[in-house]
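Let's take a walk through this model together, one region at a time. Have the viewer ready as you read.

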Amino acid sequence: MNTDNLELCGKLIPMAYVSQGSQARVSHENKIKQLLQHRKLPDSGWDNQTIELLLQELAVMDSNNFPGNCGVGEREGRIASPLVAQRHYRLCHGIGRSGDITAVQPKAAGSSILMKLTNCLALDIIKLAGIHSASSCFVVPMATGMSLVLCMLTMKLQRPSAKYVLWPRIDQKSCFKSMVTAGFKPIVVENVLEGDELRTDIVTLRSKVKELGPENILCIMSTTSCFAPRVPDRLEEIGVLCKENDIPHLVNNAYGLQSSKCTHLIQQAARVGRVDAFVQSLDKNFMVPVGGSIIAGFDQKFVDEIGKSYPGRASATPSMDLFITLLSLGAQGYKSLLQERKQMYNYLATSLAQCAAKFGERLLQTKNNQISLGITLTLEDGVKGEKATEIGSMLFTRFVSGTRVVAPGQESEVCGHSFKNFGSHSNNYPCTYLTAAAAIGMTKSDVDLFIGRLDKIFTRMKHKLVETNTETTQLPAEKNDSEQGLNNLICLSLADK
């Protein structure tokens, strides 16, 4: 309330009580003032009341909520369901304009402020996570794959003759499909096996640059976060290669923002070489619903160009989800989550190693991947790994999600390209394996439940194999007994005669 209204309240109840209530409101407004003034993540998380107060204040600034507003256009923020309006805090105009996703909407001042603040907080959290030199970013209402498409189409404007994308193999369909959807030909570079790890083949990348010609290459798309036994690409060496040959470098950092290893690689690649843009998912890094990502970079002008390439306005839902989440957590809250994730990685690694050893398996040594872990599965199996994949099915039916069982012999076609042993990031990885990830938000109880259920499944599979082997061993003896019985009957019959 403004001063006049507070004075009028003093005529209804004692002014001392009004002043006390006013002071409480001022504490909320001071937090909002600090946010608007500094445009950085608050150190401590906000309470829900303050966040809702800010959202309501912003909603009042949008034209669809003006008293007596008369909208005669085709897009006036009209909402048929009150429940939908409530879900979106009546912020119904979305973000951006037809020419730029980061542009301000004249009739949606509140939504525009929310969009600008969210992008500022996103940049602040990227720096907090370890990419200190990042200069610009924006939230886009598309998941990682489509956001990579937008980046590549923007690069195409600067490199009209380019038609190839060099891509160290990562067996995730959305990555490959993003290049094809953008209209480019992916050049798959197989990884090299170093111990248990699958790593970037820099020698082949250099050879491909020379073979195809730098001017014909749109970019090199590298990857940070990935499933073990693959590990993050050698970003620094790729960055140097791109800088030497004037080739853009696009980084798929899907769930890498939560890993200090991945953020350090991006920071170093930009320092010693070149990184044009890096893309990260909102749901995987910030525990919000699926549907958004952050496109970021070290050159504000280029990041702005990507924003201008987005056709039309966009949904504000991912921005609002991130805005609310970051204000709820604060800098200290997010740092705590990052630290807890590291602890859970170590705990999961130890627990998996112990469980695997108990059944004659081992933990894959993939120290350069600080999110995903894998254990061997050395079951006597069929050509297509039916018994190994059965373990994955048994885990899923026991409400364990997120694990992956990869067995050799599978061949998949993605957008016309055939991948041998798809899922293993390699044509000939030497063993079948199971992976699990220590992602942000995982708890000790999650690990304990997973290991307990995995132990029971291994025990069951072991007993099943023993029973099968025992039955197989006994079959010839049973056959001999039957034959002997038949001979005895024949002898008795002849004796009777």
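Strand β2 (residues 164–168) runs parallel to strand β3 (residues 185–189), the two being paired over five bridges. Strands here are DSSP E runs of at least two residues and helices are H or I runs of at least four, numbered from the N terminus; two strands count as paired if DSSP finds at least two bridges between them. Within this pair, W167 stands opposite V188 of β3. Strand β2 is mostly covered, with five of its five residues buried, where buried means under 20% relative accessible area with a 1.4 Å probe, protein chains only. Y164, L166 and P168 point one way from β2, while V165 and W167 point the other way.

A word on the ground rules: this is a predicted model, so local features need pLDDT of at least 70 and side-chain atom pairs count only at pLDDT 80 or more, while totals for chains, interfaces and linings use all residues. Residues are numbered from 1 along each chain as its sequence is written, and side-chain values use heavy atoms, leaving out hydrogens and water.

Now for the nonpolar interior. A nonpolar core is a set of buried Ala, Val, Leu, Ile, Met, Phe, Trp, Tyr and Cys residues joined through side-chain atoms within 4.5 Å. The largest one has 47 residues, of which I126, F278, F286, I294 and F323 touch the most other members. Its largest share, nine residues, comes from α13. Leaving aside neighbours within four places in sequence, I126 is in contact (heavy atoms within 4.5 Å) with residues including F278, I294 and A296. Apart from this core lies another, of 39 residues, with M155, C175, V188 and A316 among them.

Next, look at two packed helices. Helix α6 (residues 144–158) meets helix α12 (residues 300–309) at an angle of about 110°, with their axes 9 Å apart. Axes are lines fitted to C-alpha atoms, for helices over the stretch in contact, and angles run from 0 to 180 degrees between N-to-C directions. The two helices are therefore roughly perpendicular, a label that covers 65 to 115 degrees. On the α6 side the contact includes L150 and M155, and on the α12 side F302 and I306.

Finally, an open sheet of three strands has the order β10-β14-β11, with antiparallel pairing. Strands β10 (372–376) and β11 (404–406) stand at the edges with a single partner strand each, so one side of each has no neighbour in the sheet. The twist averages 25° from one strand to the next. In β14, L373 has A436 as its bridge partner. Helix α13 packs on this sheet, touching β10 and β14, and its direction makes about 5° with that of β10.

Definitions and conventions
Parallel < 35°, antiparallel > 145°, perpendicular 65-115°, else oblique. Buried < 20%, exposed > 50% of the residue type's maximum accessible area, 1.4 Å probe, protein only.
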